[in-house]
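Trainee: I have a model open and some questions about its fold. Can we go through them one at a time?

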Amino acid sequence: MGKISNLPDDVRRELIGYLAQPGIIANITAEVPVKKCADFEAKYGVKPYPVNSEHKYGDQYRIYLSDPDDAPDALKTALDQKYGRLNDTVFIRELVDEYGFTFFQPRQDVRSIHSKAKAKGDTGYASFLKGFNASEDFLAALKSSVTDADAAAPDVTLITGGDEPKEKSKKKAGSHHNLSENNAGLSDEQLLHLGWLGEQYFYNSLLANKGNILSLFGIEEPGACAFTWFNEGYDTDPDWTDQSVGKGCDILIQDGERDIFIEVKTSKKKAPIFTMTSFEMQTMQQKGSDYYLVKIDNMDSLVAGGAPDVRIFSSPYEYFFIPSRMYSAIFYNN
């Protein structure tokens with residue numbers, strides 16, 4: 001476990017830019033000796049965790065990342081491997097005092113951090129931007145991979161309504177990670193583009209019938225099918241808005257005998273949860289066995305020439321709408 005505070009300025013500032021991206025940091029905590037807590041609260045406006053031990057004289061600051069596995073190598077090397085956190089108090093103090101990062105806040109003020117980084121001067125700001133733009137660079141590389149005719153075929157698993165869920169793995173002791181969609185570092189706009197890239201990848205796989213994928217939907221004569229991807233064209237229109245809204249799905253296949261409705265949910269890495277709109281869920285219920293939910297995990301593997309993990313859920317309403325398969329739910333009572 002190394003110290004980021006010891007790295008060259010350009011490397012350190014690039015990591016600061018990476019950490020400034022929305023959602024990268026889950027929390028920044030502080031443990032402070034009791035006799036210093038009042039000074040800490042006066043300076044930073046928040047209460048630290050008090051330390052009563054007489055053997056600890058200094059502050060201990062920690063950063064918990066939303067997705068430690070996705071961190072740059074220079075940052076990953078510095079993490080406490082047991083907890084997946086950064087314990088470099090000197091570096092964290094630099095983040096807070098000089099760049100405007102804040103303790104005990106679920107969201108950092110990206111605009112303020114960006115402004116302070118720019119004030120550091122052209123050289124420092126260029127390094128900062130290199131880290132801050134990591135997600136944009138990733139999406140550009142992913143776009144290139146998705147549109148490559150030789151892109152790897154998806155690694156597909158078909159799951160039916162009667163399949164039993166696998167036993168949930170236990171969390172590591174001391175883990176501060178929350179269940180999430182695991183798309184750390186992506187803004188809301190970037191998440192939209194990630195979703196469209198996932199749809200495009202799966203749509204292309206359907207058109208090419210890679211791995212005879214259409215047979216999983218009960219289609220034996222692909223030539224008789226009409227394919228509609230509602231967000232086709234998103235990459236040529238800078239003002240594109242999601243065209244699947246109000247459709248209840250992302251892709252429609254018509255084979256002359258039935259209509260097949262496909263909803264695609266995409267995550268950069270493996271994600272245990274995803275969200276659906278009320279209209280999507282209602283359509284899922286109404287269409288029954290003609291509705292399929294496609295969950296794409298590890299979309300980032302395409303950039304390295306690998307294949308994303310794809311699970312196709314047939315009759316997903318029967319599969320998901322039982323309490324044991326729900327992480328949480330919001331109910332509307334008129």
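Mentor: Start with a definition: axes are lines fitted to C-alpha atoms, for helices over the stretch in contact, and angles run from 0 to 180 degrees between N-to-C directions. Bear in mind that this is a predicted model.

Trainee: At about what angle does helix H2 run to E1?

Mentor: Helix H2 covers residues 37-44. It lies across E1, E2 and strand E3 (60-65). Its direction relative to E1 is about 140 degrees.

Trainee: Which strands are the edge strands of the open sheet?

Mentor: Four strands form that sheet, in the order E2-E1-E3-E4, with mixed pairing. An edge strand here pairs on one side only. That gives strand E2 (49-51) and strand E4 (85-86).

Trainee: Which residue in E2 is the bridge partner of glutamate 31?

Mentor: Strand E1 spans residues 25-33. E1 and E2 pair in the parallel sense, over three bridges. The partner of glutamate 31 in E2 is tyrosine 49.

Trainee: Do the buried residues of H6 line one face or several, and within what arc do they fall?

Mentor: Helix H6 (residues 122-132) has buried Gly124, Tyr125, Ser127, Phe128, Gly131 and Phe132. Seen down the axis of H6, these fall within a limited arc, so they line one face of the helix. The arc is 160 degrees.

Trainee: Which exposed residues does the face of H6 turned away from the buried side carry?

Mentor: First place the buried side. Its residues pack against helix H1 (9-19), helix H5 (110-118) and helix H7 (134-146). Exposed means over 50% relative accessible area. On the face turned away, the exposed residues are Asp122, Thr123 and Lys130.

Trainee: What is the relative accessible area of phenylalanine 202?

Mentor: Phenylalanine 202 is found in helix H8. Leaving aside neighbours within four places in sequence, its contacts include Ile213, Phe217, Ile251 and Val294. The cut-off for buried is under 20%. Phenylalanine 202 is buried, at 0%.

Trainee: How far apart in space are phenylalanine 202 and isoleucine 213, C-alpha to C-alpha?

Mentor: The two are in contact. In sequence they are 11 residues apart. In space, C-alpha to C-alpha, the separation is 10.0 Å.

Trainee: In the hairpin of E7 and E8, which glycine takes a positive phi?

Mentor: E7 (residues 251-254) pairs antiparallel with strand E6 (residues 226-229) over four bridges. Four bridges also join E7 to E8 (residues 259-266), again antiparallel. Isoleucine 253 stands opposite isoleucine 260 in E8. The hairpin has four residues between the strands, and the positive phi, near 95 degrees, is at glycine 256.

Trainee: Is serine 315 buried or exposed?

Mentor: Serine 315 sits in the loop between E10 and helix H10 (316-320). Its phi is near 45 degrees, a positive value in a residue other than glycine. Most residues other than glycine have a negative phi. With a relative accessible area of 14%, serine 315 is buried.

Conventions
Residues are numbered from 1 along each chain as its sequence is written. This is a predicted model: local features need pLDDT of at least 70, side-chain atom pairs count only at pLDDT 80 or more; totals for chains, interfaces and linings use all residues. Side-chain values use heavy atoms; hydrogens and water are left out. Two strands pair if DSSP finds at least two bridges between them. Helices (H or I, at least four residues) and strands (E, at least two) are DSSP runs, numbered from the N terminus. Contact means heavy atoms within 4.5 Å. Buried means under 20% relative accessible area, exposed over 50%, partly exposed in between (1.4 Å probe, protein chains only). The arc is that of the directions from the helix axis to the C-beta atoms.
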